[in-house]
Amino acid sequence: MTAEPLEVYLEGRDLERGLRDDVRAGLSAEQKWLPPKWFYDARGSELFEEITRLPEYYPTRAERAVLAERAPDIAALTGAKTLIELGSGSSEKTRLLLDAFTRRGGLGTFVPLDVSVSALQGSTAQIAADYPSLRVRGIVGDFTRQLDRLPTGGRRLVVFLGGTIGNLLPAERADFLTAMRAALEVGDWLLLGTDLVKDPSVIVPAYDDAAGVTAEFNRNVLHVLNREVGADFDPGAFDHVALWDPEHEWIEMRLRATRRMRVRVLGMTVDFAAGEDLRTEVSAKFHPEGIAAELAAAGFATAEFWTDPGGLFGVSLARAR
């Protein structure tokens, strides 16, 4: 079966408008910031795939270990007819679930949602070829804005993997989970991947690898701004910094100016002092009880919580109530 034509709810002009709004807000703030979603142009996506294979970067391997062991349980417990993946990218880990559902039978539709048209075109075509019994409906959208576009009907399982929810600040997480619950019916399911709090000596190297791949990935956002909104950043004039914040229990990625500089972007003049930081990502880490509490506050009941053998990464299976 071939994949259905993509359902596009996010046009190029929407992305351009969002980037411009974020640049204006973030670079005019007292503590400068940019949201991490702008890392992921074609080059940024390639670099992130490389990061996931680095020895220091444990989250992908740990989450994959959970899914490899628990996918049959997830298929049996949920009995889902429709599997929806948010921020799907290549859907590589999700194939573990698709394999389990295929063996069990009953799954009819796979719906990957992502902002990237090119990523979805490639992944949906390949999945449709590899799982010919599935209806494959790709949705081009932003999971923070287009949850109301998710298909309805049948028992649904929404999958949100990779610890991506940790990129949202606490208020943003609450808003996202509340919107997620509003998009679901009672009895639908959510599978949520979350990186867990552990010794910073394990966490920090995952965001500051010895080979410098993460540093290149971090600076790539400046190349995106130069290309997309005509900025004149010198990416080589910024150092990559990864810091553990013990109060908030999150890692921050920053770009630190190595010298004083003045950047022009979108009609603004943005001054950087030597040593000034531009925050590009927050990646929160969680405790199991905290995850359950946030899910409960949004209207979900946690049915199962699994970790990899090393206890590095958690996967929650929760049901809309």
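Predicted model: local features only at pLDDT ≥ 70, side-chain atom pairs only at ≥ 80, totals over all residues.
**Stop 1**

Select residues 117-130. That is helix 5, with 14 residues. From its first C-alpha to its last it reaches 20 Å, close to the 20 Å expected at 1.5 Å a residue.

**Stop 2: the buried side**

Now pick Leu-120, Ser-123, Thr-124, Ile-127 and Ala-128. These residues of helix 5 are buried. Why do they sit on the same side of helix 5? Because they cover an arc of only 130 degrees around the axis.

**Stop 3: the cover**

Keep those buried residues selected and show what covers them. The cover includes helix 4 (94-104) and strand 3 (109-114). Strand 4 (135-136) and strand 5 (139-140) are also included.

**Stop 4: the cavity**

How many cavities of 30 Å³ or more does a search of the whole structure find? The search finds one. About 50 Å³ of space lies in the largest cavity.

To see its lining, select Ile-165, Arg-173, Leu-177, Leu-192, Thr-194, Phe-286, Ile-291, Glu-294 and Leu-295. The lining residues divide into six nonpolar, one polar and two charged.

**Stop 5: what builds the lining**

Color helix 6 (170-183), strand 7 (189-195) and helix 9 (288-298). Each supplies at least two residues of the lining of the largest cavity. Which element gives the most to that lining? Helix 9 does, with three residues.

Terms used
Residues numbered from 1 in each chain as written. Heavy atoms only, no water. Helix = DSSP H or I, 4+ residues; strand = E, 2+ residues; numbered from the N terminus. Expected span 1.5 Å × (residues − 1). Buried < 20%, exposed > 50% of the residue type's maximum accessible area, 1.4 Å probe, protein only. Arc of directions from axis to C-beta. Contact = heavy atoms within 4.5 Å. 1 Å grid on protein atoms, 1.4 Å probe; cavity = no way out; pocket = protein on both sides within 12 Å on 5 of 7 lines; lining within 4 Å. Points joined across faces, edges and corners; volume = space filled by probe spheres on them. Nonpolar A, V, L, I, M, F, W, Y, C, P; charged D, E, K, R; others polar.
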